[in-house]
Amino acid sequence: MKKKKLEKKKRTTVRERDWEANHEQAFSHDLVKHRRALSKLSETALAAASAALPSDFTPNATLISHSKKWAFVQMDADAEAEVEDLICLIDERLHEGEESLLAPGDRVFIEFENDDAFVRGVASRRTTLSRPAGEHDRIARQVIAANIDLILVVAAAAQPPFRPGLVDRFLIAAEIGGVEPVLCLNKADLAEEEPEELQIYRDLGMRVCVTSCVDGRGLEELRGMIRGRFSVFAGHSGVGKSSLLNELDPALRVHTQEVSGQTLRGRHTTTAGRLYELAGNARVIDTPGIRSLGLWRVTPAESAYYFPELAKASMDCKYRNCTHTHEPDCAVKTAVAAGGIKQGRYDSYCRVRASLESDNNITPGRMKTTE
Ligand SMILES: Nc1nc2c(ncn2[C@@H]2O[C@H](COP(=O)(O)OP(=O)(O)OP(=O)(O)O)[C@@H](O)[C@H]2O)c(=O)[nH]1
Ligand SMILES: [Mg+2]
Ligand SMILES: [Zn+2]
């Protein structure tokens, strides 16, 4: 196999960030080369390639971003590699199982072979932000970010309009993934008042941060929240996830784009999750905007559990398996009527539950109930 020379860089030089801006081209360019090289592989070379992978390894790098065949990784400081950031081949013997083989934030084991570097192992994940993969995907669970300790749910005060339903789903995904959620309401400069739902989240004990990339409000507070931590920025397209990163560290120069003038929706500018290291000791994974967040292995019956105030009230429902939708003597509905549970959260619960019920019917095997 023809060896591809890696661009070597001495550890002592200042870290170049240019590849980050040009990664799309880098990926497509490299992939073409890779496919060409693979087509030239002889039978014997292919057989040699199927030798055993290391079953036991110590991770020596962190995944920054990846495509199907290639991975950008950052070598650990103590890995004694000649380079800090590098492009590796993903060992073809690493097979995707039920969930994504790789996700930004993954701890990986890199092995060097002559001038090539290979991802030979992926460590199990401490935490994840994940969702059910699309119906036609080979995997069942798409891991959006791995090993993070904070999910910054970014929403806009306007353009696109604030949608609490997605926040509720992220709260559930955070709980499942073992990660702390923080709500960031960006574009505060575009609205006179903050949406009333913010108080609901504050009352639930969620940290809320109100920001604007235009007038700079809240950015210092946000900086404090992510300092020393490993976060993922997630939310609808066009809410300003990448813009916030640029404000937090202008050296990053992450690509951003105006929302559509007609629909006021984002244009899905960020197309792949990517890990950034920010000045001020923070690491953040920027992610592509999503339309909706499916929930991984949550049954309709379990959905109330993820709305703590509903779960508490439901102890007094007449029926143990009360769905809080149509049953008589439902303590949840009574609490909603009395104002103890906010109507918006109850509506959100009903939407989450209804969508989980239809998911179970439409895509068997994806979200099997465990009842
Ligand atoms: N008025 C105002 N506009 C903002 C603010 N933050 C971002 N924008 C604008 O919103 C648009 C979308 O911002 P992006 O940062 O590309 O949004 P994103 O969330 O990364 O979108 P995707 O990558 O598509 O998921 C850009 O035109 C930004 O300039 C803000 O606080 N106030
Ligand atoms: Mg973006
Ligand atoms: Zn009930």
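Helices (H or I, at least four residues) and strands (E, at least two) are taken as DSSP runs, numbered from the N terminus. The structure is a predicted model, in which local features need pLDDT of at least 70, side-chain atom pairs count only at pLDDT 80 or more, and totals for chains, interfaces and linings use all residues. Residues are numbered from 1 along each chain as its sequence is written, while chains are lettered from A and ligands numbered from 1 in the order in which they are written.

The protein chain contains 10 helices and 13 strands. Its average pLDDT (the predictor's confidence in each residue, from 0 to 100) is 83, and 82% of the residues score at least 70. Residues 1-32 have pLDDT under 50, and the model gives them 32 contacts beyond four places in sequence. The pLDDT is also below 50 over residues 361-371, a stretch with 14 contacts beyond near neighbours in sequence. Two residues are in contact if their C-beta atoms, placed from the backbone, lie within 7 Å. Among contacts in the protein chain with a separation of 6 or more, 64% are between residues 24 or more positions apart. A residue is buried if 20 or more other C-beta atoms, placed from the backbone, lie within 10 Å of its own, exposed if 12 or fewer, and partly exposed in between. By this criterion, 37% of the 371 residues are buried.

An open sheet of six strands has the order S10-S9-S8-S11-S13-S12, with mixed pairing. Strands S10 (207-210) and S12 (274-278) form the edges, each pairing on one side only. From one strand to the next, the twist averages 25°. Pairing requires at least two bridges found by DSSP between two strands. Strands S8 (residues 150-156) and S11 (residues 230-234) run parallel and are joined by four bridges; Leu150 has Ser231 as its bridge partner in S11. Helix H6 (residues 219-226) lies across S8, S9, S10, S11 and strand S13 (282-286), at about 145° to S10. Axes are lines fitted to C-alpha atoms, for helices over the stretch in contact, and angles run from 0 to 180 degrees between N-to-C directions.

Val182 belongs to strand S9 (residues 180-186). Val182 is buried, with 21 other C-beta atoms within 10 Å. Beyond neighbours within four places in sequence, Val182 contacts Leu150, Leu152, Val153, Arg207, Cys209 and Met225. The C-alpha atoms of Val182 and Cys209 are 7.6 Å apart, although 27 residues separate the two along the chain.

Helix H7 is largely enclosed by the rest of the structure, because six of its eight residues are buried. These are Lys241, Ser242, Ser243, Leu244, Leu245 and Leu248, and their cover includes S8, S9, H6, S11, S12 and S13. H7 (residues 241-248) also gives the most to the shell around ligand 1, with three residues. Of the 25 residues around ligand 1, Gly240, Ser243, Thr256, Thr270 and Gly289 come nearest.

A cis peptide bond, with omega about 0°, joins Gln159 and Pro160; Pro160 lies in the loop between S8 and helix H4 (164-177). Asn114, in the loop between strand S4 (107-113) and strand S5 (116-122), is not a glycine but has a positive phi of about 55°. Asn114 is exposed, with 9 other C-beta atoms within 10 Å.

Key: Near = placed C-beta within 6 Å.
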